[in-house]
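Here are my notes on the model, point by point. Please read them with the coordinates open.

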Amino acid sequence: MGYGNPPRHTRFKKGQSGNPEGGRRHRKKPSIAELVFRILNEKVPVRIDGERKWKTKIEVAIHKQIQNAMEGSRLALKDLVRIQSAAEAAMNGPAEQEVAIAHFPPSAATYEEWFDNCAPAAARQASPDKSSDGADPNS
């Protein structure tokens, strides 16, 4: 009895919990994948042509990889090709075969030359712009 202590017979209604709010909720710890996804999708300020824009961290990273590849980094180009093939596989479902990524050879002057020399045979045959004999495949 006294202040803050009502009589026992009036404290709770019949059938009502003594702690209607429940205990403190424990937050589930995020998985590594959730953390990576959350961090890569945070927006950061970036200057593009003197103008401040907000881009996600993954967008900034991909732009930087493209810039490095354009400056001649073979490793950046290799990573970009891997990223592109993984993105296409994710959009189109599982690939029939894993594409082997080769380094952009120093002897290749263009991407097309590298593709002709290093890409898997299945990928070269599937390429619509290059046919082996120039004849119509439907005839």
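1. How many salt bridges does the structure hold? One. A salt bridge here is a side-chain nitrogen of Lys or Arg within 4 Å of a carboxyl oxygen of Asp or Glu. The partners are K57 and E42, and their closest N and O atoms are 2.7 Å apart. K57 sits in helix 3 and E42 in the loop between helix 2 and strand 1, so the pair ties together parts 15 residues apart in sequence. K57 is partly exposed, at 30% relative accessible area. E42 is partly exposed too, at 36%.

2. On the basis of the note: this is a predicted model, where local features need pLDDT of at least 70, side-chain atom pairs count only at pLDDT 80 or more, and totals for chains, interfaces and linings use all residues. Residues are numbered from 1 along each chain as its sequence is written, and side-chain values use heavy atoms, with hydrogens and water left out.

3. Overall layout. The protein has six helices and two strands. From the N terminus the order is α-α-β-β-α-α-α-α. Helices (H or I, at least four residues) and strands (E, at least two) are DSSP runs, numbered from the N terminus. Of the 139 residues, 11% count as buried. Buried means under 20% relative accessible area, exposed over 50%, and partly exposed in between (1.4 Å probe, protein chains only).

4. Nonpolar surface patch. The members are I32, L35, V36, I39, L40, I58, I62, I66, M70 and I83. Together they have about 840 Å² of accessible area. Areas come from the Shrake-Rupley method with a 1.4 Å probe; for residues, only the protein chains shown count as cover. Patch residues have over 30% relative accessible area and no salt bridge; nonpolar side chains (Val, Leu, Ile, Met, Phe, Trp, Tyr) are joined within 5 Å, like charges within 9 Å. Helix 2 (32-40) and helix 3 (57-70) each supply at least two residues. Helix 2 gives the largest share, with five.

5. L35 belongs to helix 2 and is partly exposed, at 33% relative accessible area. I66 belongs to helix 3 and is partly exposed at 35%.

6. Second largest pocket. Which residues line the second largest pocket? They are V46, R47, I48, K55, V60, H63, K64 and Q67. Strand 1 (43-48) and helix 3 are the elements that give two or more residues to this lining. Helix 3 gives the most, four residues. The space is about 150 Å³. By class, the lining has three nonpolar, two polar and three charged residues. Ala, Val, Leu, Ile, Met, Phe, Trp, Tyr, Cys and Pro count as nonpolar, Asp, Glu, Lys and Arg as charged, and the others, Gly among them, as polar.

7. Pocket method. On a 1 Å grid over the protein atoms alone, a pocket is an open set of points with protein on both sides within 12 Å along at least five of seven lines; lining residues have an atom within 4 Å of a point. Points are joined across faces, edges and corners, and a volume is the space filled by probe spheres set on them.

8. Backbone check. Most residues other than glycine have a negative phi. D49 is not a glycine, yet has a positive phi of about 55°. D49 lies in the loop between strand 1 and strand 2 (51-56). At 81% relative accessibility, D49 is exposed.

Conventions. 1 Å grid on protein atoms, 1.4 Å probe; cavity = no way out; pocket = protein on both sides within 12 Å on 5 of 7 lines; lining within 4 Å.
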